Amino acid sequence: MPDHSDTSERLASYADVLAGELPDSWTSTYLSTDAKDALAELADRIWDLDLVAASLTEQPLQQAAVLSRPDGAQLVVVERHDERDGFLVAAIAPRSLPDEAYRAVPEPNGIALVDDPFLSAEQVAHDLLTRYDTALAQVRHNALGGIQPSQPDRLVLTWQSDGSIATAPADNRADAVLTAHGFVQDPQSGIYRLNGDDTQAQARALRGLSPRLDALGIGTALQHPAGRTTPTATPASVPPVPTGPRTPATHSR
């Protein structure tokens, strides 16, 4: 019988070294055979229709190492189940993005790795990561829906059907200002949203937002979803303030 403790230590050690050799900052998390629910959920998110998908049809996921980058990007390293040495690595699709965002986006199919994590890191960086980052950018852009992308010197704020306001900053200069004024970021899509349940609080947040962004050289524009109105000129206009909190609308998927 195979020595599962030996194969698990080998996979975990390999993934640790690989994570340390990839560009940017990556961490590695090992999932053992006991983590059945996590492995099942992971298998559903593996973004591959080629080599790794074929391997998983022959042998269900028994263990894996997940490599994670601070921006939400993730890779999975799994065993090979043929006569060759080494491992397989594939991209992981973000769990928070809708299925529609993936339409017409080619899968960043995984690759086979040699039994040397130092050489493999170069292969991953120049092949899989390049295709993965391109695919991630495409699906995140698709997930914006009616949210108009911002420019470095202009933050576009878009009203949503539920009364919230969403924005997708072009860079991270506005992050602290948005957070300080009640916007919450989705770590996968990068979109910031300001809850619209209390329109008085929402209006105060918008009034305080513009001057602080102006100090950073960033103008603001407030608009309805694409196709309804033209973006408002800088600074963003503040909507009329009603007499009290608004009851949240009920949604169905």
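## Salt bridges

In this predicted model, a network of salt bridges links Glu41, Arg45 and Arg95. The whole structure contains seven salt bridges. One of them joins the side chains of Asp115 and Arg10, with an N to O distance of 3.3 Å. Because Asp115 lies in the loop between E5 and H4 while Arg10 belongs to helix H1, this pair ties together parts of the chain that are 105 residues apart in sequence. Asp115 is partly exposed, at a relative accessible area of 42%, and Arg10 is likewise classed as partly exposed, at 35%.

Arg131 and Asp127 form a further salt bridge, in which the closest N and O atoms are 2.9 Å apart. These two residues are four places apart in helix H4, so about one helical turn separates them. Arg131 has a relative accessible area of 30% and is partly exposed; Asp127, at 29%, also counts as partly exposed. A salt bridge is found as well between the side chains of Arg173 and Asp171, at 3.3 Å from N to O. Arg173 is partly exposed at 37% relative accessibility, as is Asp171 at 30%.

## The largest nonpolar core

The largest nonpolar core comprises 32 residues, of which Leu22, Trp47, Leu67, Leu75, Val77 and Val124 touch the most other members. At least two residues of this core come from each of helix H1 (4-21), strand E2 (64-68), strand E3 (74-79), strand E4 (87-91), strand E5 (111-113) and helix H4 (117-143). The greatest contribution is that of H4, with nine residues.

Beyond its neighbours within four places in sequence, Val124 is in contact with Leu22, Leu75, Val89, Ile111, Leu113 and Leu129.

## Strand E3 and its partners

Which residues of E3 are covered? Six of its six residues are buried. E3 pairs with E2 in the antiparallel sense over four bridges, and Val77 of E3 is the bridge partner of Ala65. The hairpin of E2 and E3 has five residues between the strands, and Gly72 in this hairpin adopts a positive phi near 100°.

E3 also pairs with E4, again in the antiparallel sense, over five bridges. Here the bridge partner of Val77 is Val89 in E4.

Three aromatic pairs are found in the whole structure. The ring centres of Trp47 and Tyr102 lie 5.2 Å apart with the planes at 80°, so this pair is edge-to-face. The two residues belong to distant parts of the chain, 55 residues apart: Trp47 is in the loop between helix H2 (36-45) and helix H3 (51-58), and Tyr102 is in the loop between E4 and E5. Trp47 and Tyr102 are both buried.

Trp47 also forms an edge-to-face pair with Tyr132, at 6.1 Å centre to centre and 85° between the planes. Since Trp47 lies in the loop between H2 and H3 and Tyr132 in helix H4, this contact ties together parts that are 85 residues apart in sequence. Both members of the pair, Trp47 and Tyr132, are buried. Through these ring pairs, Trp47, Tyr102 and Tyr132 are linked into a cluster.

## The five-stranded sheet

Five strands form an open sheet of mixed pairing, in the order E8-E9-E7-E6-E10. E8 and strand E10 (219-223) are at the edges; each has a single partner strand, so one side of each is left without a neighbour in the sheet. Within the sheet, strand E6 (residues 154-159) and strand E7 (residues 165-167) run antiparallel and are joined by two bridges. Trp159 stands opposite Ile165 in E7.

His181 is located in the loop between helix H5 (175-180) and strand E8 (184-185). Is His181 buried or exposed? His181 has a relative accessible area of 16%, which is under the 20% limit, and is therefore buried. Apart from residues up to four places away in sequence, His181 touches Leu194, Ala205, Gly208, Leu209 and Arg212.

Technical notes: Residues are numbered from 1 along each chain as its sequence is written. This is a predicted model: local features need pLDDT of at least 70, side-chain atom pairs count only at pLDDT 80 or more; totals for chains, interfaces and linings use all residues. Side-chain values use heavy atoms; hydrogens and water are left out. Buried means under 20% relative accessible area, exposed over 50%, partly exposed in between (1.4 Å probe, protein chains only). Contact means heavy atoms within 4.5 Å. A nonpolar core is a set of buried Ala, Val, Leu, Ile, Met, Phe, Trp, Tyr and Cys residues joined through side-chain atoms within 4.5 Å. Two strands pair if DSSP finds at least two bridges between them. Rings of Phe, Tyr and Trp (its six-membered ring) pair if their centres lie within 6.5 Å; planes under 30 degrees apart count as stacked, over 60 as edge-to-face and the rest as tilted. A salt bridge is a side-chain nitrogen of Lys or Arg within 4 Å of a carboxyl oxygen of Asp or Glu.
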